[in-house]
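Biologist: Could you take me through one part of this model up close? I'd like to hear about the charged side chains, and then whatever connects to them.

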Amino acid sequence: MTASASITCTALSFAWPDGTVVFDGFDTAFGPGRTGLVGTNGSGKSTLLKLVAGELAPADGSVRVTGEVGYLPQNVTLDTSLRVDEALGIAATRAALHAIEAGDASEDNFSAVGDDWDVEERARATLGELGLDHIDLDSTVGEVSGGESVLLRLAALLLRRPDVLLLDEPTNNLDLFARRRLYTAVAAFSGVLVVVSHDRELLDRVDQIADLRAGEVTWFGGTFTAYEQAIAVEQEAAERTVRAAEGDLRKQKRELADAHMKLARRKRYGQKMAAQKREPKIVMGARKRAAQESAGKHRILHEERLAEARERLDEAVEAIRDDDEIRIDLPYTAVPYGRSVLTLSDLHLAYGARVSGELRLHGPERIALLGRNGAGKTTLLRTIAGELAPVGGEATVHVPLRFLPQRLDILDDELTVVENVARFAPAATVNRVRARLARFLFRGARADQRAGTLSGGERFRAALAALMLAEPAPQLLMLDEPTNNLDLASVRQLTSALDAYEGALVVAAHDLPFLRSIGITRWLMLDGELREPTEEEFAEIEGTGAME
């Protein structure tokens with residue numbers, strides 16, 4: 001590791017080809033330690049990592065990195081035909097090592113190996129630390145799961161021993177067990193680490209939080225939990241400042257009104273005296289000029305005070321974060337306690353998983369569906385939703401059902417938010433749709449945006465609104481990895497929406513803090529067969545048991 005590893009951004013400017021400005025004269029620096037980079041969708045977090053990694057070039061200013069950089073992008077794609085040692089970047093060294101062991105002592109082979117005689121041991125140790133010790137170096141990338149390919153890419157970075165490590169939403173496609181391996185790797189990294197994530201458990205393993213808002217970074221020492229506590233204190237103070245500024249503004253308005261009244265009385269008095277001609281004309285003229293001068297100064301003073309009060313209020317309001325929560329009432333989604341909403345009978349899924357015997361779900365249960373990547377969770381949900389035919393058995397839904405897939409492809413990109421939601425509630429008037437969409441934070445012109453122009457968080461909110469406001473109201477709602485690619489503010493908004501939902505809920509997710517926040521009442525695991533986890537498995541899921 002380079003002891004002085006660092007990242008420095010100076011007067012950095014960057015805009016997208018359509019003219020959207022992301023950074024304008026941006027300055028910040030990252031030193032040794034683990035930094036969680038947070039901010040709303042669209043604030044520029046991923047763009048900043050790409051600029052630091054050299055994948056994007058700034059329009060102006062500079063990015064200076066001391067030390068070697070390792071970058072794990074948000075969407076990891078590896079050539080499935082690659083051997084694992086090629087994906088790890090050790091194929092040439094390994095081949096030269098094997099050639100030397102076989103008796104070929106050429107200079108080229110020794111040059112290829114260099115000082116890396118233990119490359120295979122290091123590779124296997126790194127794979128083992130990430131829970132990939134079952135993967136053979138001669139196997140192909142196509143033989144590993146999507147989540148394992150993310151860890152494989154991370155293993156390749158760690159093998160290079162970078163001084164600076166950049167991770168962009170690294171846990172998005174990882175199951176619970178793979179996430180724990182990544183947490184351990186992050187905790188052990190000793191260089192400069194910057195991680196963009198909505199994963200609270202990961203962010204509670206960093207040393208500091210960098211909050212990127214409106215093109216500026218604000219620093220908070222400690223974990224994400226400490227950051228949230230600091231923000232709560234800051235927002236309470238900001239709200240008190242707003243209330244004080246509003247009071248001061250009302251006071252200044254009253255004083256200005258009083259000043260105008262006094263000036264009007266003086267003017268009427270002067271006109272009366274002039275009409276009665278009780279004083280010499282020269283005296284009255286001097287008195288009038290003095291009164292006008294005094295009145296002008298008095299009015300200007302109060303107007304300046306009023307302007308200052310308005311400015312203080314504007315500044316105070318700007319300090320209040322836009323943390324709107326979804327607040328809706330969905331009474332028609334209610335399901336009586338004990339009513340059957342779903343029955344699975346000897347269900348055999350398309351890719352091998354199954355449900356033996358009969359499994360019933362009742363209202364208003366909230367079920368978390370767990371399992372490793374590739375276990376068949378999405379297949380099960382799609383089969384229940386009627387999108388896939390089972391190999392055998394039945395999935396019987398007894399109430400209105402809606403399913404929100406990971407791809408969010410229920411929206412038509414060419415239609416507006418209003419038009420998309422209206423498709424699911426054709427009997428509702430446009431005004432009724434707009435009124436209900438406002439509760440999902442699509443107010444006024446925002447409701448008229450085309451779905452194709454929405455940010456990730458907005459698109460998810462629009463899709464959720466379309467399902468929850470559908471007619472008939474869904475009494476069974478199924479969500480597949482709903483927090484993937486959502487910022488933390490959007491996750492809070494999703495939690496608020498689900499608080500209002502009164503039907504039965506099935507959520508496939510690896511995000512434990514989110515699952516806890518929505519009041520899960522029953523946990524089911526799919527690992528070839530759908531069942532309830534054992535006490536040992538549940539302890540492992542909660543992080544209190546030993547990892548395998």
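Modeller: Here is a walk from one lysine out to the salt bridges and the rings. Keep in mind that this is a predicted model.

Let's start with Lys377, which sits in helix α11, residues 377-384. Lys377 is buried and yet has no salt bridge. The nearest side chain of opposite charge belongs to Glu481, and that is 5.2 Å away, while a salt bridge needs the nitrogen and the carboxyl oxygen within 4 Å. What does the side chain of Lys377 reach, then? It gets to the backbone oxygen of Arg372, at 3.2 Å. If you skip the neighbours within four places in sequence, the contacts of Lys377 include Leu369, Leu370 and Gly371 on one stretch of numbering, plus Ala508, His510 and Leu526. Arg372 is on that contact list too.

Arg372 brings us to a ring: Arg372 lies over the face of Phe177, 4.1 Å from the ring centre. There's another arrangement of this kind at Phe442, where the charged end of Arg461 sits over the ring at 4.7 Å from its centre.

Now for the charges that do pair up. Searching the whole structure turns up 24 salt bridges. One of them joins Asp448 and Arg434, with N to O at 2.5 Å. Asp448 is in the loop between α13 and α14 and Arg434 is in helix α13, so this pair ties together parts 14 residues apart in sequence. Asp448 is partly exposed, at 39% relative accessible area, and Arg434 is partly exposed as well, at 29%.

Arg432 comes out partly exposed at 38%, and Glu471 is partly exposed at 26%.

While we're in the loop between α14 (456-468) and β15 (476-480), look at Ala473, which lies there too. Ala473 counts as buried, with 17% relative accessibility. Beyond the neighbours within four places, Ala473 is in contact with Pro400, Tyr332 and Thr333.

Elsewhere, Arg122 forms a salt bridge with Asp116, the closest N and O atoms being 3.1 Å apart. Arg122 counts as buried, at 15% relative accessibility. There is also a network of salt bridges that links Arg83, Asp85, Arg94, Glu120, Arg124 and Asp138.

Last, the rings. The structure holds 6 aromatic pairs. Among them, Phe23 and Phe26 form a tilted pair, 4.7 Å centre to centre with 40° between the planes, and both Phe23 and Phe26 are buried. Phe30 and Trp219 have their ring centres 5.4 Å apart and their planes at 65°, so that pair is edge-to-face. It links distant parts of the chain, with Phe30 in strand β2 (residues 21-30) and Trp219 in strand β9 (residues 216-221), 189 residues apart. Phe30 is buried, at 3% relative accessible area, whereas Trp219 counts as partly exposed at 34%. Finally, ring pairs link Phe220, Phe224 and Tyr227 into a cluster.

Notes. Residues are numbered from 1 along each chain as its sequence is written. This is a predicted model: local features need pLDDT of at least 70, side-chain atom pairs count only at pLDDT 80 or more; totals for chains, interfaces and linings use all residues. Side-chain values use heavy atoms; hydrogens and water are left out. Helices (H or I, at least four residues) and strands (E, at least two) are DSSP runs, numbered from the N terminus. Buried means under 20% relative accessible area, exposed over 50%, partly exposed in between (1.4 Å probe, protein chains only). Lys and Arg count as positive and Asp and Glu as negative; His and the chain ends are not counted. A polar contact is a pair of N or O atoms within 3.5 Å; within protein, one must be able to donate a hydrogen and the other to accept it, and residues adjacent in sequence count only if both atoms are side-chain atoms. Contact means heavy atoms within 4.5 Å. Rings of Phe, Tyr and Trp (its six-membered ring) pair if their centres lie within 6.5 Å; planes under 30 degrees apart count as stacked, over 60 as edge-to-face and the rest as tilted. A charge sits over a ring if NZ of Lys or CZ of Arg is within 6 Å of the ring centre and within 35 degrees of the ring normal.
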